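Take the chain from its overall make-up down to single residues. Keep the sequence and the model side by side as you read.

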Amino acid sequence: MANAFLFLLLLIFYSNITIENIHACNQSERSSLLSFALTLSSPQLNWTSADCCNWEGVTCNQGGWITHLQLPSKGLKLKEGTFLSSSLGNLRHLTHLNLSYNSFFGSLDQTEFFLSLNDLEILDLSFNLLFGVLPSSLPSSHIRMVDLSSNRLHGAVPSSFFQQAWNLTSFNVSNNTFSGPIPSSICRSFSSSLRHLDFSFNNFTGSISSGLGKCSKLQVFRAGHNYLSGSLPEDMFNSTTLEEISLPLNSLNGAMSDGIANLTNLTTLDLSYNQLSGVLPLHLEKLSKLKYILLDFNYLEGSLPLSLMNCTNLVELRMGNNSLGGDISMLNFSKLSQLSKLDLRKNNFFGILPRSIYSCKFLKAIRLNYNNLEVQIHPEILSLKYLSFLSLGCNKRLTDVTGSIKILMGCKRLAYLSLASSFLGEEMPNGVEMADFHGFRYLQILDLNSCNLSGIIPSWLSKLKKLQILDLEHNRITGSIPSWLGTLPRLNSLMMQFNLLSGEIPKELCTLPMLVSGQTAAQVGRIYLELPIYYSPSGHAKLLQYNYIFYTPFIHLGHNCPSGNIPIEIGQLQLLHQLDLSANNFSGNIPDQISNLKYMEILDLSMNHLSGKIPASFRGLNFLSRFNVSYNNLRGPIPSSTQLQSFNASAFEGNLKLCGAPLPNKCQRTTGADAPDMSPQDADTKEHQIPWFYVSVALGFITGFWGVCGPLVLVRK
């Protein structure tokens, strides 16, 4: 028994030695890894043990050869003047190389290791700082996955790059600056293994060449955010395995081919932000697996085919900003039980919004504004338990603002509500009918602009503790600006221009937490929306899309009737970017404290009764892109050597006593009432100055007198 036990121990001991010998790393490869580590500036890798097969990120085969080097997201950086070490090229048995999400620097076409790894199967160098052009070919015929996304690579993708790509299944070069055409050679007759192609976020040009149809197993084709033109190649519709076509933000044109109905496995079709025209294909019902249709911002015409309602797996249907039309009441949404987002904004749809839309129980976002629909808010909308985004404005016959608001109060998750250009001529809901208000607990954006609503700013708004943006512009709201607006903890953008507001600006408005404290604003963070919103920095600027609440913090109170002085407390709103108080009845001086608003981009104080001078401290407003103080009673010189000289003279006109550039009338040295104001410090200095002129005259007189008369007194006769 003892002998048997001893034999077992010896067996275990020798097995461990054998296993260790099998896995002990090759010493030449160990030296290569150490050479690579010496090129790193930070952080230091804990590669100290004798057996490199036990090192972090290193895997060996049974022969002790290194097969895997995987160091993603380690924050690795190279020493200055070094590149990805050619010593890695000595790891000739390497099959998996993953150095993604680091800060590696260098050019692939000048890096020898890239072409020497003949057994490589997986290459992931994404999210680094690699630059230069691609080598002429891939390093290995065994390679299955190449990910070079999110680097600084440029130039064309050479056709020869895929000559050895016998087993390539995934190729991703997104988020670089590649140019030229997408290579047509990528899908050869032998390239049946390719499943994933991603060329998005580059500078590719030209049309998409035919040849994709040869990739008989292709599932994902992405090339969005480029400069591609022309129409989709017909042979693309032969790739019946395609599950995703994503080509947004290009210049693709022409009509959508009926051949798209062949792609019966398609789940995602994103051709938004292109120049597609014509009508939609008729037989969309064949795409029974389709989940996402994104065709917004094109020039599509005609009506939605009724067959679209048979795509019962639809999750998102987005066709806004086209020229689509037809009677929307003909559509039966009851089959779309999975529908989550519906966006048909800015089209020509008409008819009554069908109540079948309320059968889509998972709806989170509805945007139908800017159509000719007959819309009413019905209690059935409360069945949409997940609804957080609702935009129905700029349609027909949307009435009963009080009843609508009371119904929508029951939408517990509502975060975005836009009913602009509706309820025309009605009165703002307030008073007894809203006394039991308890809704909108999560509302962040409320848009009731251009409704011609009368009445005062309702007190129930004071309960919206998560409200960030309030838009009541272009109405007939009267009364004063309530002080409780300044207590809303998340309010950062206020639009109330073109109303009939009166009284003074309450000082409490100058204590908005989101505009006073950067720490408060940071705690709120970005609030993501179910549908993107669009924002143009100025009237003719390109429309920008944001998937989260984005507005430059502003207060717009122009074209009302408030009076009195602009409160000096306004200088507390340090995070304010835009302030518009134009076309009001403000008087007094421009508060010097406005210069505390260092992020100010737009300041409009025009068409008031302001007097005094433009504060010299305005020279510190370095971010001003628009400034207007025209048609006031300002006087004195425009502060010189400041950004104010860069604005057009029209920004200062209508102030008869204002002078200096950019106005044509130069300032003259004057005395009296029009003399430049003297600071208390200067006045004090002047008061205590010694009158040296009079002192010198007196000394001269005394010296001359005694020079002549002195000798006469002293000489006696």
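Predicted model: local features only at pLDDT ≥ 70, side-chain atom pairs only at ≥ 80, totals over all residues.

Residues are numbered from 1 along each chain as its sequence is written, and side-chain values use heavy atoms, with hydrogens and water left out.

Start with the whole. The protein chain holds eight helices and 46 strands. Both are DSSP runs numbered from the N terminus: helices are H or I with at least four residues, strands are E with at least two. Of the 717 residues, 50% are buried. Buried means under 20% relative accessible area, exposed means over 50%, and partly exposed lies in between, with a 1.4 Å probe and protein chains only. The accessible surface is about 33400 Å², and carbon and sulfur atoms hold 54% of that surface. These areas come from the Shrake-Rupley method with a 1.4 Å probe; for residues, only the protein chains shown count as cover. A contact means heavy atoms within 4.5 Å. Among contacts between residues at least 6 apart in sequence, 58% join residues at least 24 apart.

Now go to helix 4, residues 401-408. Seven of its eight residues are buried, so the rest of the structure largely encloses this helix. The buried residues include V401, G403, I405 and L408. What do the buried residues of helix 4 pack against? They pack against strand 29 (389-391) and strand 30 (416-418).

Charge pairs come next. A salt bridge is a side-chain nitrogen of Lys or Arg within 4 Å of a carboxyl oxygen of Asp or Glu. By this rule there are twelve salt bridges. One of them joins R222 and D198, at 3.8 Å from N to O. R222 sits in strand 15 (residues 220-222) and D198 in strand 13 (residues 196-198), so the pair links parts of the chain 24 residues apart. R222 is partly exposed at 27% relative accessibility, whereas D198 is buried at 5%.

D296 pairs with R318, with the closest N and O atoms 3.8 Å apart. D296 is in the loop between strand 21 (292-294) and strand 22 (299-301), while R318 is in strand 23 (residues 316-318). Both ends are enclosed: D296 is buried at 1% relative accessible area, and R318 is buried at 10%. E316 forms a salt bridge with K341, the closest N and O atoms being 3.6 Å apart. E316 belongs to strand 23 and K341 to strand 25 (residues 341-343). E316 and K341 are buried too. Shared partners join D296, E316, R318, K341 and E530 into one network.

Finally, look at the backbone. F127 is not a glycine, yet has a positive phi of about 55 degrees. F127 lies in the loop between strand 7 (122-124) and strand 8 (129-132). Is F127 buried or partly exposed? F127 is partly exposed, with a relative accessible area of 35%. A583 also has a positive phi, near 55 degrees. A583 occupies the loop between strand 40 (578-580) and strand 41 (585-589), and is buried at 18% relative accessibility. A cis peptide bond joins A661 and P662, with omega about 10 degrees. P662 is in the loop between strand 46 (657-659) and helix 7 (680-687).
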